Amino acid sequence: MMEDKEPTSLKAISQTTRLYPSTPRPSSQTPRAGPRYFPQNVLTNDDDMEQPLSILPEYSSSPTSPPDTPTPARCEISEPSQPADLLVFREFAVTTTTPQEITATDAKDSNLNKSMHAPRNVMVDQTMDAPPSPPTTRVQTVEEETILAHLTLADANRSALSQNGINHRTILPQFTPTPIGGFPKVHMAHSAQIFDHLDNKVLLAWFQVEHPKFMVRVFDLSGKDVAENTAITAECIKASISIIADFVHQEAPPICVSPPQPQGRRGAKEFPVGFLVHKISEEARNLIVNQRIWSSTNITFEALPFNCPSPPELLFCLSGFTTSDANIVHKAVVDVWAHDDNRHHIDDAFSMCGFPDDKLVYQATRDLIHSVRVETLDFKVTGGLSVPRFNIFATSPTNDVKTWTELRGFLRILEYPTGLDGCGIAAALFPCQICHSLAHLRGLCPFPLTPQWNGPKLNNRSTANSAQLPGRSRGGR
Ligand SMILES: [Zn+2]
């Protein structure tokens, strides 16, 4: 993996090294290290913050500007530098290089210049007729430059490879750091699911609460658990979020956590799971919602913005195939959707939701079919037999909730036949007890595999969130 991230451009390298002449704390080096997350009153050391803040804009706006450091880059290489790669690389370099190491590698670099590419070698190679070039004009070849550039960063690379796969976005040691590639997605049944089963009056009251506000869904806690332990769960959420809010603003005013109440109150059969967090600064809200997953040993939760995101990508789950090859299932789905009758039905659905002309309607249908994605689930039936299931994902070309609902309903009831591998039909989806995602059951939850995960484990319900909640010793359901 690191091979991909190693910059091949000398400009990239010189920028990488130039950006961080000192060793700032990892917390101030994350891509989120903008002023809104780290307002001035939080800072204890101006030097730590001012360098990245003043340099980052130059880094993003002119990635090809010539280097101004005397170290190896003296020749131009036409390969454009890749800001995305730089970003990744920078995080490794920053967190693994100490000032002493920088000094050491600089020294090694100059030693190499003397030993391997010393001017006297050039002189020896000159023909008798040619006037000897002054030693200072010796220009290293591209290959030499590349070797030196890689050696300059060798320590950083070795160090980065010896570490676990986290990207040092940890800002608070109490919480699991965001893994490389981000936390797994949590797939919901619909965009407003966080408000499901919530009492209407409570929902109206939440609407009237001023922004900044956001929603929280606690891992490993069902709606019934929430109803039974409302107050203590709210306190746990509050304590956890206060740590983050205090980090953003020292002595931040107390935040508020409002618990859900079920529609129908005592007679309710379905229970809401979302808590409202408010009386919080915009900076803290943004930090929490952007990282999304906060896992400490006391409580693990997902933070969601107080709005309706685009329609979920998980459409349905197919069972009935006798293959575990996702490509075969992908082809079956695309073939069925592209079949004339079904394609016309999809066209009709899109034509009702505001696409201005037929051309855009057809384009929307094509986009939908092109966006199909299949994920194999290693589903086991009683007795341990493996019977694969397949989650079918697609990106909706429209945010129109009525169109999307109708369309998913239509695609879900279709049959998905293959020539040799059986016929897929939709299977019921149940939420994961840990993360609430509909894309897997508890045993397949990807969250417990996250490095430094503090939250609930795959097969043990008596950990983490349940630890301080009364009535949770009854074990799994
Ligand atoms: Zn899960």
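Trainee: What's the bridge partner of L318 in β8?
Mentor: That's F390. Keep in mind that this is a predicted model.

Trainee: How many bridges join β6 to β8?
Mentor: There are 4, and β6 (residues 314-321) runs antiparallel to β8.

Trainee: OK, new topic. In what order do the strands of the 5-stranded open sheet come?
Mentor: The order is β2-β3-β1-β5-β4, with antiparallel pairing. β2 (256-258) and β4 (293-295) are at the edges with a single partner strand each, so one side of each has no neighbour in the sheet.

Trainee: How much are neighbouring strands turned against each other?
Mentor: By 30° on average in this sheet, ignoring direction.

Trainee: Back to β2, then. How many bridges does β2 have with β3?
Mentor: It's 3, in the antiparallel sense, and β3 covers residues 274-278. In that pairing, C256 sits opposite H278.

Trainee: Zooming out, how many helices and strands does the chain have?
Mentor: You'll find 16 helices and 10 strands. Of the 477 residues in the chain, 31% are buried.

Trainee: And what share of the contacts with a separation of 6 or more is between residues 24 or more positions apart?
Mentor: Those make up 71%.

Technical notes:
Residues are numbered from 1 along each chain as its sequence is written. This is a predicted model: local features need pLDDT of at least 70, side-chain atom pairs count only at pLDDT 80 or more; totals for chains, interfaces and linings use all residues. Two strands pair if DSSP finds at least two bridges between them. Helices (H or I, at least four residues) and strands (E, at least two) are DSSP runs, numbered from the N terminus. A residue is buried if 20 or more other C-beta atoms lie within 10 Å of its own, exposed if 12 or fewer, and partly exposed in between; C-beta atoms are placed from the backbone. Two residues are in contact if their C-beta atoms, placed from the backbone, lie within 7 Å. Axes are lines fitted to C-alpha atoms, for helices over the stretch in contact, and angles run from 0 to 180 degrees between N-to-C directions.
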